[in-house]
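Colleague: May we go through this model together, one question at a time?

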Amino acid sequence: MPATPQPQRHAAPGADARPLSKRRLKTWIRLLRLTRSVESDLRDFLRTEHDTTLPRFDVMAALYRRREDVTMSELSRMLLVSNGNATAVVDRLEKDGFATRTPAPGDRRTIHVALTDAGITAFEAMAKGHEAKLDTLLGGLTAEDLDQLRGILMRALPDTER
């Protein structure tokens with residue numbers, strides 16, 4: 001019978017004496033709380049300053065990064081959302097003149113989507129404000145903190161996602 005891991009009984013002075021599994025759980029909860037807090041502030045910022053939503057910003061960011069048209073299926077995969085969710089956001093972007101949809105040559109079932117010039121201009125304005133807001137929200141972190149945090153988070157990711 002394999003040995004059962006035992007909780008750490010004697011910690012170094014100032015160290016957390018709880019079992020590692022409890023510390024990992026507490027860390028996960030803190031990461032979620034931070035993510036939800038920052039996301040909530042970003043949602044409010046995008047709504048009040050740019051009259052838009054975070055999903056709309058995310059779609060525009062994905063299209064902006066690619067700088068070429070993508071299929072709706074590719075867009076859904078990039079954003080980890082359903083085709084229906086992506087379609088609803090692209091519908092609104094198209095209605096506002098920020099995106100265009102075109103059927104693929106030779107396959108009318110496949111639709112390509114891209115930002116229009118107006119969409120690029122609008123996204124660039126939003127992205128500048130988004131970056132400034134994040135800089136404020138995470139302003140308590142130094143360059144060294146960010147480097148250490150990046151390293152820690154990279155180690156926490158599965159190898160396939162690094």
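This is a predicted model: local features need pLDDT of at least 70, side-chain atom pairs count only at pLDDT 80 or more; totals for chains, interfaces and linings use all residues.

Colleague: In what order do the elements of the chain run from the N terminus on?
Modeller: The chain contains six helices and three strands. Read from the N terminus on, these elements follow the order α-α-β-α-α-β-β-α-α.

Colleague: What share of the 162 residues in the chain is buried?
Modeller: A residue counts as buried when its relative accessible area is under 20%. The chain exposes about 11900 Å², of which carbon and sulfur atoms supply 54%. Among the 162 residues, the buried share is 22%.

Colleague: Are H1 and H5 parallel, antiparallel, perpendicular or oblique to each other?
Modeller: The axes of helix H1 (residues 20–50) and helix H5 (residues 117–137) come within 10 Å and cross at roughly 140°. Angles over 145 degrees would count as roughly antiparallel, and those from 65 to 115 as roughly perpendicular. The pair H1 and H5 is therefore classed as oblique.

Colleague: Is the crossing of H1 with H5 left-handed or right-handed, and what classes of residue make the contact?
Modeller: From H1, the residues Val38, Asp41, Leu42, Phe45 and His50 meet Ala125, Met126, Gly129, His130, Lys133, Leu134 and Leu137 of H5. By class, this contact has seven nonpolar, three polar and two charged residues. The crossing in which H1 passes H5 is right-handed.

Colleague: How are H3 and H4 oriented to each other?
Modeller: Helix H3 (residues 72–79) packs with helix H4 (residues 83–95) at an angle of about 105°, their axes being 9 Å apart. Angles of 65 to 115 degrees fall into one class. H3 and H4 are therefore roughly perpendicular.

Colleague: How many charged residues does the contact of H3 with H4 have?
Modeller: H3 contributes Met72, Ser73, Leu75 and Ser76, while H4 contributes Asn83, Ala86, Thr87 and Val90. By class, four of the residues are nonpolar and four are polar. The number of charged residues is none.

Colleague: Is Arg67 buried or exposed?
Modeller: Arg67 lies in the loop between helix H2 (54–66) and strand E1 (70–71). Its relative accessibility is 51%, and the cut-off for exposure is over 50%. Arg67 therefore counts as exposed.

Colleague: How far apart in space are Arg67 and Ile120?
Modeller: Of the contacts in the chain with a separation of 6 or more, 45% come from residues 24 or more positions apart. Arg67 and Ile120 are 53 residues apart in sequence. Their distance in space, C-alpha to C-alpha, is 9.2 Å.

How values were computed. Residues are numbered from 1 along each chain as its sequence is written. Side-chain values use heavy atoms; hydrogens and water are left out. Axes are lines fitted to C-alpha atoms, for helices over the stretch in contact, and angles run from 0 to 180 degrees between N-to-C directions. Helices (H or I, at least four residues) and strands (E, at least two) are DSSP runs, numbered from the N terminus. Angles under 35 degrees count as roughly parallel, over 145 as roughly antiparallel, 65 to 115 as roughly perpendicular and the rest as oblique. A crossing is left-handed if the near helix is turned anticlockwise from the far one by less than a right angle, and right-handed if clockwise. Contact means heavy atoms within 4.5 Å. Ala, Val, Leu, Ile, Met, Phe, Trp, Tyr, Cys and Pro count as nonpolar, Asp, Glu, Lys and Arg as charged, and the others, Gly among them, as polar. Buried means under 20% relative accessible area, exposed over 50%, partly exposed in between (1.4 Å probe, protein chains only). Accessible areas come from the Shrake-Rupley method with a 1.4 Å probe; for residues, only the protein chains shown count as cover.
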